[in-house]
Amino acid sequence: MWKTILLNGEKAYVWSPLIARYAGKSNYDPNLLFLIGPSSDPLKTKIKTFDIEKKQVVDEIEIKGIRSFHGLLYISSSASKGVPYVQEFLLLDYSAEACGETGGTVYLAFDGKKLRPFFSAAGSGDGGFFEGTEIIFPSDPMGEKGIIHVVDMGGESGGPSDFLPKVKLDYFTHKKYTWNGEKLIPIE
């Protein structure tokens, strides 16, 4: 499908798969945009870092983790959260479209030049059953310098009221990681 655009004051046409579906601005560098769009692989999403001033793509990656653009709620940029080698995080928040589907946040670490997959904190719920992942960053109130805590849990909830829910945990794990600038390294 072709889309009509305005280019230098004149009408032009662009093949729609080449257009980003979502864009987010860097909070650290006002000249950078993060452009999110489809990949040739339907299980992946393409993300480009674009320098507005230089009018060029600085970096481009493909990630797994977002099955549908329909559930993508928003794109935001946040501070480094105390993680070394990270200038800022790009957060892709998406919702579950139905019970039993996955929703959450995909975190991408940006060092000023390259985007790297960091973590996908996802979860789902279905009629009282739940599962989810929580990340505690070094700068969070319960965080530790240089350590990323990842807590996974799942179980059942329900009870006499929404204010006094009864929760039964089926599983709970707590793992610690460090970031070496390219990937998360487990701490044994």
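Author: Please do, bearing in mind that this is a predicted model.

Reader: How many salt bridges does the structure hold?

Author: The structure holds four salt bridges. Among them is the one between E60 and K46, at 3.5 Å from N to O. E60 belongs to strand β6 (residues 56-64) and K46 to strand β5 (residues 44-51), 14 residues apart. Both residues are partly exposed, because their relative accessibilities are 40% for E60 and 23% for K46.

Reader: How do you know that K114 and D59 form a salt bridge, and what does this pair tie together?

Author: Their closest N and O atoms are 3.7 Å apart, and the limit is 4 Å, so the contact is a salt bridge. K114 lies in the loop between β9 (103-110) and β10 (115-126), while D59 lies in strand β6, so the pair ties together parts that are 55 residues apart in sequence. With 9%, D59 is buried, whereas K114 is partly exposed at 38%.

Reader: What makes the backbone of K55 and Y85 worth noting?

Author: Most residues other than glycine have a negative phi. K55 is not a glycine, yet its phi is positive, about 55 degrees. Y85, also not a glycine, has a positive phi of about 70 degrees. K55 is placed in the loop between β5 and β6, and Y85 in the loop between β7 (72-78) and β8 (88-94).

Reader: Why are K55 and Y85 called exposed?

Author: Exposed means over 50% relative accessible area; K55 reaches 68% and Y85 reaches 58%, so both count as exposed.

Reader: Why are β3 and β6 called edge strands?

Author: Four strands form an open antiparallel sheet in the order β3-β4-β5-β6. β3 (22-25) and β6 each pair on one side only, and these are the edge strands. β3 and strand β4 (residues 32-38) pair over four bridges; the cut-off is at least two bridges, so they count as paired strands.

Reader: Why is the pair of F89 and F118 called edge-to-face, but that of F89 and F137 tilted?

Author: The structure holds seven aromatic pairs. The rings of F89 and F118 have centres 4.8 Å apart, within the limit of 6.5 Å, and planes at 70 degrees; over 60 degrees counts as edge-to-face, so that name applies. F89 lies in strand β8 and F137 in the loop between β11 (129-136) and β12 (148-158), so the pair ties together parts that are 48 residues apart in sequence.

Reader: Which residues form the aromatic cluster?

Author: F89, Y107, F118, F137 and W179 form one aromatic cluster. Within this group, F89 and F118 are buried, and so is F137.

Conventions: Residues numbered from 1 in each chain as written. Predicted model: local features only at pLDDT ≥ 70, side-chain atom pairs only at ≥ 80, totals over all residues. Heavy atoms only, no water. Salt bridge = Lys/Arg side-chain N within 4 Å of Asp/Glu carboxyl O. Buried < 20%, exposed > 50% of the residue type's maximum accessible area, 1.4 Å probe, protein only. Phe/Tyr/Trp six-rings, centres within 6.5 Å; stacked < 30°, edge-to-face > 60°.
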